Amino acid sequence: MPERMKPDWTRLVREHLKNSPSPCSHDVIVELATHFEEVYDQARATGSSDTAALRRTLQEVEDWDVLATEIARSKSQEDSMNNNAMSQRTKNILLPAIAILFAIGLVLLFLDRAAALQMFIWIACMGLLLFAAASEASRLNLRTRSVWLPGFVSLVAASLFLFAEELVLVHDSSFYFTDISLRPAHLIFGMPRWFYIAWLVAQVLCGALGASLSRRGGGNCFARLASGSFPALVMFAVCTIVIPASAMFEHNHFIFHNPGRLWMGVLIWAAVPALAMLLGAAPFLKEATVS
Amino acid sequence: MTKRISPKIARGSGELAILALLAEQPLYGFEIARQIGERTGGALQFTLASLYPLLYEMEKRGWVEGHWQSNQAGRDRRYYRLTAAGRKQLAPLREEWRSFFHALDCLAGVSHA
C-alpha cells in the first residue's frame, strides 16, 4: 500500500495558531513544526504505521486554543522587553552613529575629498554594523539571521573591497569595469588583470564570510550558499536589470546592439566571482558541532 | 514502566527537570521531552503543548536562551542552553523541592506509600 505524503507541519501549526491572541513569530511556528516532525519520524522509525504515527503526533496538542493562549502569554512580555533592549542599545547608540558616519562618508564621496578618511569611515560603518548585528542576532528571525543579514554583510564587505581597490590600485574603477567587460583580452595581457585577480581573491573571502555568518545564525546548506554568493547575485541583477534599464533611459543602444558584451560582463563580474564565492563558502557547508 | 504522573503535578516540576537537563548540555525541545520521559522511566512526560510555553516562560525570565542550529539533514532545531541566571536557580529549586517532598512526607507519609 503506498504511503501518504508527509504532512506539511509548518502549515498545520500556522493554521491552528492563526487566531492566537497575539501573532506567533515565524520562529515559534518553525520550532513547533519541527517538534511535530520529530515525533512523527520517531513514531515511524519505531514501526508505527503512517496513520498511527500521525495520530500519535497530533496527540501532542489536545487544545490548540489553550496552547495559543499560553504561548501568547509567555511570549508577549518577552517581545516588548526585547524591543526595549534593542531600542536602548541599537536604536539610541549604534544606528545613529552609523547614520552619522554614513552621511559624512557620502558628503566626502560627493565632494571627492579626504579619500583616506572616507576609507576609515566606511570601515567604521561596517564594524559598527557587524557589532549591531551580532548583538541583536538572537532577536532576529531565522531567515533574517541566516540569509539576509549574512548576505548583506558579505555584500558590504565586497563593496568595501572594491572601494579600497579603487583607492589603492586605480583612481577610476569604472574605467576598469567597462574596460574589462568591453575588452576581456585585457584580463590576460593588460593592467586590469591585477585589479581583477585581487577582486576574485576578495570574493573567496566574502563567500567564506557570508557562509560562516549564516552557519553561525543557524542557516541550512541552502542558506549558507545563498549568503555566500549574495554579492554575485547582486552583480548579476546589476548586469541584467540595472544596466539595461539605465541604458534604455539614457537612450544608449550600444548594449542592445551588442548583447554579447553584456553577457561577457555577466560572465566576468557575476558568474566567475560566484564560483570564487562558492569556493570560499565550501568549508562552511559542513555542520558545526554543538558544544 | 513507572506509572505516569498526572500532567498537573508534572507541570509543576517542569522547571526543575528542564534546568537539570540543560545543566548537562544544550538540547532542543523534542530532545528535552524525550530525555525527561526516558530518564524518569515514563513517569514524567511532556508534550509539545506542555513543554514549549514553559520553555518560552523560562526564556523570558532569562534562565535559558535559545539559538538555531541545523543538523546534518538540514533540519533547523532551536537548542536551549542554561544561562548564568538559570544556573543560579537550580540549587534553590532543588532545595525547594526537597522541602516540598519532606513536608508532604510528614503530612501524608508518601515515602511509605
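How many helices and how many strands does chain B have? Chain B has four helices and three strands, where helices (H or I, at least four residues) and strands (E, at least two) are DSSP runs numbered from the N terminus.

1. Basis of the note. This is a predicted model, in which local features need pLDDT of at least 70 and side-chain atom pairs count only at pLDDT 80 or more, while totals for chains, interfaces and linings use all residues. Residues are numbered from 1 along each chain as its sequence is written, and chains are lettered from A and ligands numbered from 1 in the order in which they are written.

2. Overall make-up of the chains. Chain A has 13 helices and zero strands, whereas the elements of chain B, read from the N terminus, follow the order α-β-α-α-β-β-α. Buried residues make up 29% of the 291 residues in chain A, and in chain B 31% of the 113 residues count as buried.

3. Contacts along the sequence. Two residues are in contact if their C-beta atoms, placed from the backbone, lie within 7 Å. Among the contacts in chain A with a separation of 6 or more, 69% are between residues 24 or more positions apart; for chain B, residues 24 or more positions apart account for 56% of the contacts with a separation of 6 or more.

4. The contact between the chains. Chain A contributes 27 residues and chain B contributes 25 residues to the contact. On the side of chain A that touches chain B, the elements giving two or more residues are α2 (26–45) and α4 (64–111) of chain A, and α2(A) supplies the largest share, eight residues. The residues on this side of chain A divide into 10 nonpolar, nine polar and eight charged, with Ala, Val, Leu, Ile, Met, Phe, Trp, Tyr, Cys and Pro taken as nonpolar, Asp, Glu, Lys and Arg as charged, and the others, Gly among them, as polar.

5. The sheet of chain B. An open sheet of three strands has the order β1-β3-β2 in chain B, with antiparallel pairing, and two strands are said to pair if DSSP finds at least two bridges between them. The edge strands, each pairing on one side only, are β1 (27–28) and β2 (64–70) of chain B. Seven bridges join β2(B) to the antiparallel strand β3 (residues 76–82) of chain B; His67(B) stands opposite Tyr79(B), and Trp68(B) has Arg78(B) as its bridge partner. The two strands β2(B) and β3(B) form a hairpin with five residues between them, and Gly74(B) in the turn has a positive phi of about 85°.

6. Helix packing in chain B. Helix α3 (residues 48–60) of chain B packs on the sheet, touching β2 and β3 of chain B, and its direction makes about 115° with that of β2(B); angles run from 0 to 180 degrees between N-to-C directions, and axes are lines fitted to C-alpha atoms, for helices over the stretch in contact. The axes of helix α2 (residues 29–39) of chain B and α3(B) come within 10 Å and cross at roughly 115°. This contact is made by Gly29(B), Ile32(B) and Ala33(B) of α2(B) together with Leu51(B), Tyr52(B) and Leu55(B) of α3(B), and its residues divide into five nonpolar, one polar and no charged.

7. Nonpolar cores. A nonpolar core is a set of buried Ala, Val, Leu, Ile, Met, Phe, Trp, Tyr and Cys residues joined through C-beta atoms within 7 Å. The largest has 37 residues, and those with the most contacts inside it are Leu32(A), Ile71(A), Leu22(B), Leu51(B), Tyr52(B), Leu55(B) and Val64(B). Elements of both chains give two or more residues to this core, including α1 (9–17) of chain A and α1 (7–22) of chain B, and α2(A) gives the most, with seven residues. A second, separate core of 27 residues includes Ala133(A), Trp199(A), Ala202(A) and Ala274(A).

8. Covered elements. Strand β2(B) is mostly covered, with five of its seven residues buried. In chain A, helix α10 (residues 221–228) is likewise mostly covered, with six of its eight residues buried; these are Ala223(A), Arg224(A), Leu225(A), Ala226(A), Ser227(A) and Gly228(A).

Note on methods. A residue is buried if 20 or more other C-beta atoms lie within 10 Å of its own, exposed if 12 or fewer, and partly exposed in between; C-beta atoms are placed from the backbone.
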